[in-house]
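Morning, everyone. I have one model to walk through, and I'll keep it short. Here it is.

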Amino acid sequence: MPGKPFTATLREPVMQLKNGVIIDLYGEINGSVETTLNNAYELAEAGQPAMIVLNFKDVDYINSTGIALIVGLLARARKAKRTLTVFGLSEHYMEIFNITRLADFMSVYPDEQAVIANLTTKTSEP
Amino acid sequence: MYANAGHNAALQRTATGVVELRARGMPLGLMESMTYEEKVAFLEPEDTVFMYSDGLVEAHNAAREMFGMKRLERLIGEHAGGDSLIGFLRDELGSFTGEGWEQEDDVTFVVVQREAKRAAKSGDNDHQAHVLDEFEAPSRVGGERAVMERVAGVVSGVLPAAQIERLKTAVSEASMNAMEHGNHFRDDLPIKVRVEASDKKVSVFVTDSGGEQPIPEATTPDIEAKLEGTQSARGWGLFLIKAMVDDMRVHTSSSEHTIELILKRGGGTDAG
């Protein structure tokens, strides 16, 4: 039973994100998507954003090799002193991000509005 | 002992299938002095008898298809039986008819289940476990996904949705390990999967042919080391399996490994 073909698309700049970019993920994340995911991440990095946001809203399956790929991206982001932010995880994958402790090292939000709202709050703080 | 007065025949779910409990009889009160055939059915421990009104099998969906007996018998056969059968069938009826369904007739369910045999001694008593499914799956890259979906379908209605999600991840990881590390993705070596359910738990057994290699202990990965690059980013599989289920057991023979994944029914762990 083949899963949905994976895509990772760098979105056109979102004004409210300021110095951040969003990668929209679609399908399932397993070992076979490494090149696609890394290429999208590389493209996102090219503009030297302070924050890269991964949208998991349309991701319906992540296996352990997929978790390893996300760990790889997180390591890369930390090395470059970038924030890696995610949103759109299902309740189940939120649990997995918690037990693997990925959630301790990245900002996790329920949806895109929450990511933007958080940035707005930060910039409007005195 | 049972009789029937023109009603739909009750269905008995046994360990080997579903049987109709048929007995002749006209609708009650139609004629005076009417006699009704009386028959006897024996219920084995954990057998379930399901009685229902015709509003269930005669319900139509938007395409005017009828729910029907075949569907009902299949669903009862797939379910582990017991009182959760009522909610399961109500959900299935809802999915079949879709939103905005105008109920055509009354829908009433009654379930009777014989108690499981009590354990002779304290401890696990799995003698009453039903095999819900048993199959082989080819050892190929990505093949774990089909195993995961099939097992999820089999336990639908047996476990709540959150437990099914956890089981899916555990089955997927166990199958992937079995296909890759146990069977080395060899076409001629399928993995074997068996799903069992008892009143207390659901067990999934995943067997590969790599008995000569020990399965390592599940350890907690060191994410700091992985992020610093001093440890491989991989190595989450066994940890995830163990975290997703209530118990994980490994059975090894000279030629095979079996990983048994156990989820307790009726409120296992909340967070794995």
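Start with the interface. 22 residues of chain A are in contact with 26 residues of chain B, contact meaning heavy atoms within 4.5 Å. This is a predicted model: local features need pLDDT of at least 70, side-chain atom pairs count only at pLDDT 80 or more, and totals for chains, interfaces and linings use all residues. On conventions, residues are numbered from 1 along each chain as its sequence is written, chains are lettered from A and ligands numbered from 1 in the order in which they are written, and side-chain values use heavy atoms, with hydrogens and water left out.

How much area do chain A and chain B bury between them? About 2,100 Å², with 66% of it on carbon and sulfur atoms. Buried area here is the accessible area (1.4 Å probe) that two parts lose on being put together, summed over both.

Now the charges. Three salt bridges are counted between chain A and chain B. The rule is a side-chain nitrogen of Lys or Arg within 4 Å of a carboxyl oxygen of Asp or Glu. B:R166 and A:E95 form a salt bridge through their side chains, at 3.2 Å, N to O. Over all chains, the count is 20. Inside chain A, A:D24 pairs with A:R11, the closest N and O atoms being 2.8 Å apart. A:D24 sits in strand β2 (residues 20–29) of chain A and A:R11 in the loop between β1 (7–10) and β2 of chain A, so the pair ties together parts 13 residues apart in sequence.

Next, helices. Helices (H or I, at least four residues) and strands (E, at least two) are DSSP runs, numbered from the N terminus. Axes are lines fitted to C-alpha atoms, for helices over the stretch in contact, and angles run from 0 to 180 degrees between N-to-C directions.

In chain A, helix α1 (residues 34–46) and helix α2 (residues 64–79) pack at about 20°, axes 11 Å apart. That makes α1(A) roughly parallel to α2(A), the cut-off being under 35 degrees; over 145 is roughly antiparallel, 65 to 115 roughly perpendicular, the rest oblique. Among the contact residues are A:L37 and A:Y41 of α1(A), and A:L69 and A:L73 of α2(A).

In chain B, the axes of helix α2 (residues 69–78) and helix α3 (residues 84–97) come within 11 Å and cross at roughly 140°. That makes α2(B) oblique to α3(B). B:R71, B:L72, B:L75 and B:I76 in α2(B) meet B:L85, B:F88, B:L89, B:E92 and B:F96 in α3(B).
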